[in-house]
Structures are given as C-alpha cells and as structure tokens.
Amino acid sequence: MVRTDAVTTEHIVPPAEGRAYRVQKGAHIRIETPYGAQAADFFAFNAENVEECLSANHTWVTTFNVKPREDDTLISQFRRPMLKFSKDGANGVHDMMIAACDQFRYEFFGHVGHHASCAENLHIAMRRMGQPINSVPQPVNFFTNTRIEEDGSFVSPPNPVSPGAFVELEALIDLICVVSSCPFDLEVDGWPINAEGGPSELLVSVS
Ligand SMILES: [Zn+2]
C-alpha cells in the first residue's frame, strides 16, 4: 500500500505476483504500469458466485473486437455485463487472446523447476480471498502487445506501453478482481511480452 486518502487506497502488486480486490458495484478499479511495458493479466468474478467470471471470448462477439476498447462493456460467460472499460490510458495496447501463463508454458520453453505464473498467481490470490477456484478463465491482458495478421498469424511485437500508462474499469456488479503482474521473463524469439529488464510492479487502486 503506498498512498491513502479519503476515498482511494493505492496498492502495489509486486513484480511477478498477483492480488485480489473486492470492487463493489459502481466502484472503479484503476491499474497502472508505473515503469511501463508490464503485462497485467486481469480476471473478474461475480462476488456472489465465483463460478461466474469475466469471459474475453464471450465479450468478443458483443463488442465485435478481439481487443478491449474504451467504453466497451465486458461480459461474463453467462453474457451478463460485469465491467465497463471506462478509461484507456494505454493507447489501446491490450490483448484478449493469450491464455494466462502457467507452469507448463514455461516448461514448454525449456524452463526447469518452478516458475511463477499468472495462473498460479490467480489461484493464490483467490485462495487468500477464501474463494478457491478450479479453472483459469481467459484473462483480459492489459498492456500486452499482440496483433493478428491478415493471414491469421498471431504476433507479439515489443511492448511499447509507456511508464504511467493505466486503465480504469467500472464494476457493474459486485466483483472480486484479480490483477497479476505477468512473470514472463524468458527470451523467446518474437514474444517479449514484458520490458527487457523483466517483470515490474503494478499499481492498483479501487475507489
Ligand atoms: Zn503471465
């Protein structure tokens, strides 16, 4: 926690870790990459029933876009509105295609031993909330640079997101939101994901 005033508390999500937040209907959650170029995997669950979650895939066909855009309504797998993407301070550099990284993805790239991951961060954050979950939904990956080419190929060019870039979302129902500072730090050709120096912290405030 770094700053508190009458209505806002700002929290640090340490590099490569995740945190869960209760966000009541009508409240806003703001996520910032203070050093820039840090992917923020974002998940949201109905606070009354965590089996209902934000679904990127269901959102595509109501916004007609595979990326979240300012003023979009993001929906659950039951096609109910969960969040309004109220302000985009990152020039549209976001992704809704890449699954959360997990231990197996790091092993696929040759990593040996445990590696922090967005999937593990999500499970830990939800257990800390007393709301364990069994599966990992498709996240909305803020500050993540991907592109689909005309031939359908999928690329992730270097991350151009500036220090201080942010997004703000309004909760349309009572939610538990999880933000993960993506731990991806492997040198994989064409998939830098984060800044060259490795994962960095994120700032989150709920007001
Ligand atoms: Zn990740």
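A: First, a word on labels: helices (H or I, at least four residues) and strands (E, at least two) are DSSP runs, numbered from the N terminus. By that count, the protein chain has three helices and 15 strands. Its radius of gyration (taken over C-alpha atoms) is 16 Å, close to the 17 Å from the globule rule, which is 2.2 Å times the number of residues to the power 0.38. So the chain is as compact as a globular protein of 207 residues.

Keep in mind that this is a predicted model, where local features need pLDDT of at least 70 and side-chain atom pairs count only at pLDDT 80 or more, while totals for chains, interfaces and linings use all residues. Residues are numbered from 1 along each chain as its sequence is written.

Now to the inside. A residue is buried if 20 or more other C-beta atoms lie within 10 Å of its own, exposed if 12 or fewer, and partly exposed in between, with C-beta atoms placed from the backbone. Buried residues make up 40% of the 207 residues. In soluble globular proteins, nonpolar side chains tend to be buried together. A nonpolar core here is a set of buried Ala, Val, Leu, Ile, Met, Phe, Trp, Tyr and Cys residues joined through C-beta atoms within 7 Å. The largest one has 49 residues, and Ile-31, Ala-44, Cys-177 and Val-179 have the most contacts inside it.

Let's zoom in on Val-179. Two residues are in contact if their C-beta atoms, placed from the backbone, lie within 7 Å. Setting aside neighbours within four places in sequence, Val-179 touches Val-13, Gly-18, Arg-19, Ile-31, Ala-40, Phe-42, Leu-202 and Val-204.

Two strands pair if DSSP finds at least two bridges between them. His-11 is the residue opposite Val-204. E15 also pairs with strand E4 (residues 28-33), again antiparallel, over four bridges, and there Glu-32 has Leu-203 as its bridge partner.

Helix H3 (residues 118-128) has buried residues too: Cys-118, Ala-119, Glu-120, Asn-121, Leu-122 and Ala-125. Their cover includes strand E3 (18-23), strand E5 (40-46), helix H2 (103-108) and strand E14 (175-181).

Loops can be buried as well. Val-161, between strand E12 (154-155) and strand E13 (165-171), counts as buried because 25 other C-beta atoms lie within 10 Å. Beyond its neighbours within four places, Val-161 is in contact with Thr-33, Gly-36, Ala-37, Ala-90, Val-93 and Phe-143. One of those, Ala-37, sits in the loop between E4 and E5 and is buried because it has 24 C-beta neighbours inside 10 Å. Most residues other than glycine have a negative phi. Ala-37, though, has a positive phi near 55°.

For contrast, look at Asn-134, in the loop between H3 and strand E10 (140-142). Asn-134 is exposed because it has 7 C-beta neighbours inside 10 Å.
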